[in-house]
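Have a look at the model first, then read on.

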Amino acid sequence: MKSSIYNISVIDISGNNRTLSEYAGKVLLIVNVASKCGFTSQYSGLQELNEKFLSKGLIICGFPSNDFANQELGSEQDIQEFCSLNFGVSFPMFSKVKVKGKEIHPLFDYLTKHDLHGGRIMWNFSKFLINRTGVVSDRFAPFTKPTSRRMLKAVETLLDQ
C-alpha cells in the first residue's frame with residue numbers, strides 16, 4: 001500500500017500528538033516557517049488566506065524549522081506568542097521540525113520525495129498545496145507570496161473541486 005499524507009503523525013505547537021488524517025477532505029497548505037526570516041512577513045498573507053478560505057475548506061499548517069541560518073531559535077511557546085502577537089495567526093501551528101537532512105520529519109520527507117513537486121527544501125516559507133484527497137497538487141517557492149495571483153488561483157481551483 002502506498003503511503004498517505006494522512007498516516008503521518010505530527011505534534012502541534014501545544015505538544016499534542018496528532019495525525020494529518022483529521023484534515024482528510026480538506027485542502028492543505030503546508031508551510032515551513034521561521035520567525036526571524038526575510039519572508040516572516042508572509043505570516044500576514046497566510047493569515048489572510050486562512051480568514052478568506054477556512055470556511056471553504058482550506059487548512060494552513062505552519063511547521064517552524066530552524067534548518068536555515070538559525071532563524072527559528074525560540075521554544076514552541078515563544079513561536080506561538082510571536083505569531084499571535086505580531087500576525088494574529090489563528091491557523092494550526094505545529095512543533096519545530098527538521099525539513100532537511102538525516103533527521104528530516106516524515107512529513108517533509110514525504111513532501112520532498114513527491115514525483116512532480118518534490119526536491120529538497122531550499123529555504124523557509126516553502127509551500128506545499130495538498131488537494132482534498134491528500135495528493136500534492138502544487139509547490140510554491142519561498143518568494144511566492146501567499147496572496148499572489150498564482151497561489152490564489154491554485155487554492156481556489158482546489159477548493160472548487
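Is Ser 65 buried or exposed? Ser 65 is buried, at a relative accessible area of 0% (buried is under 20%, exposed over 50%, partly exposed in between, with a 1.4 Å probe and protein chains only).

## Ground rules

This is a predicted model, so to speak of local features takes pLDDT of at least 70 and side-chain atom pairs count only at pLDDT 80 or more, while totals for chains, interfaces and linings use all residues. Residues are numbered from 1 along each chain as its sequence is written, and side-chain values use heavy atoms, leaving out hydrogens and water.

## The sheet and its helix

An open, mixed sheet is built from 4 strands, ordered S4-S3-S5-S6. At its edges sit S4 (58-64) and S6 (136-140), each pairing on one side only. Neighbouring strands are turned by 20° against each other on average, direction ignored. Helices (H or I, at least four residues) and strands (E, at least two) are DSSP runs numbered from the N terminus, and strands pair if DSSP finds at least two bridges between them.

S5 (residues 127-130) and S6 run antiparallel, joined by 4 bridges; Leu 129 has Asp 138 in S6 as its bridge partner. Helix H1 (residues 42-53) lies across S3 (27-33), S4 and S5, at about 155° to S4. Axes are lines fitted to C-alpha atoms, for helices over the stretch in contact, with angles from 0 to 180 degrees between N-to-C directions.

## Back to the serine

Ser 65 belongs to the loop between S4 and helix H2 (76-87). Leaving aside residues up to four places away in sequence, Ser 65 touches Val 33, Ala 34, Glu 72, Lys 96, Val 97, Val 99 and Asn 124 (contact is heavy atoms within 4.5 Å). A polar atom of the Ser 65 side chain lies 3.1 Å from the backbone oxygen of Val 97.

Key:
Polar contact = N/O pair within 3.5 Å; in protein donor to acceptor, adjacent residues only side chain to side chain.
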